[in-house]
Amino acid sequence: MTTPIPALIEPNTELLKELVELPVTQIEPEVTEATTNENILCDLAEVDRLFITKRLRVKAVLFLRGKKNRFSVRTPDRNLVYTIEEENSWWVGYLCYGLRPLQLRVFNSSSEEVMRISRPYACTSRIFPCQLQNIQVFSPPGRKIGSIEQQWAPIKPIYLVRRQNGDAVFWIQGPRITISFFRDLQFRIQKMDGSHVGSSCKRWQGLLHAMFFAPLHDRYGVAFERHLDVEDKALLLAATLLIEYMYYDG
């Protein structure tokens, strides 16, 4: 008995047409929070030195709007990296001077706020270990990346730099005498194992400047290893600003 040959099944052209017309879903690479933050601080990726210029906003003082500073942060070839604006209550600058609580807003060259530094009121005593300096660093604003904590020390000032998870990554030690007189002052930056990383510097600009113009205009610097993480570089920049307010914001 001969087996019948089955009839050919015609393809469902309507179904094939629908399958062809289905949109193709593209899988985008996952963007993590760490990747986003590296992008926002990308200006620090290739630098190993930063020059900081402080200018007092004289109009704010004269019109009773508070004592507020403005900083410009540049590379050695004079390229502008950040502009930093101080915010505080109008009265604290007149009463608390360099101890005043404040917010520092850090803007890049595109006027985008990339970092914020928060400093509460605290004393600077080297004798009593109460209410020592502690600032919080956020990048972008709202996301904490670390802190700088003053440690009790009877002679040389010491600061501890911590990442967001609380791990201590650097410690900074200043000189016995923090008055800048006829020389630059160095605050040494070291890793926790004691290896040298860099330094923060208060620049000497002459006797005439020290006597009359230092409260209005001053210069600082910070140097570090080029391969450091951008968040660690941002923390060292914040530590330099803390040192400026504690010792040189007259």
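## The second largest pocket

Four nonpolar, three polar and six charged residues make up the lining of the second largest pocket. This comes from a predicted model. The lining counts 13 residues in total. Nearest the pocket centre lie Ile52, Thr53, Ser72, Arg78 and Arg219. The space inside is about 200 Å³.

## The largest nonpolar core

The largest nonpolar core holds 47 residues. Leu50, Tyr82, Ile148, Ile172 and Leu236 have the most contacts inside this core. Helix H6 (residues 230-247) provides the largest share, with 12 residues.

## Around Tyr82

Tyr82 is one of the core residues with the most contacts. What does Tyr82 touch, leaving aside residues up to four places away in sequence? Its partners are Leu41, Asp43, Leu44, Phe71, Ser72, Val73, Val106, Phe107, Asn108, Val114 and Leu237.

## Val230 in helix H6

Val230 sits in helix H6. Is Val230 buried or exposed? Val230 is buried, because its relative accessible area is 9%, and the cut-off for buried is under 20%.

Val230 and Asn39 are 191 residues apart in sequence. In space, their C-alpha atoms are 9.4 Å apart.

Key:
Residues numbered from 1 in each chain as written. Predicted model: local features only at pLDDT ≥ 70, side-chain atom pairs only at ≥ 80, totals over all residues. Heavy atoms only, no water. 1 Å grid on protein atoms, 1.4 Å probe; cavity = no way out; pocket = protein on both sides within 12 Å on 5 of 7 lines; lining within 4 Å. Points joined across faces, edges and corners; volume = space filled by probe spheres on them. Nonpolar A, V, L, I, M, F, W, Y, C, P; charged D, E, K, R; others polar. Core = buried A, V, L, I, M, F, W, Y, C linked by side-chain atoms within 4.5 Å. Buried < 20%, exposed > 50% of the residue type's maximum accessible area, 1.4 Å probe, protein only. Helix = DSSP H or I, 4+ residues; strand = E, 2+ residues; numbered from the N terminus. Contact = heavy atoms within 4.5 Å.
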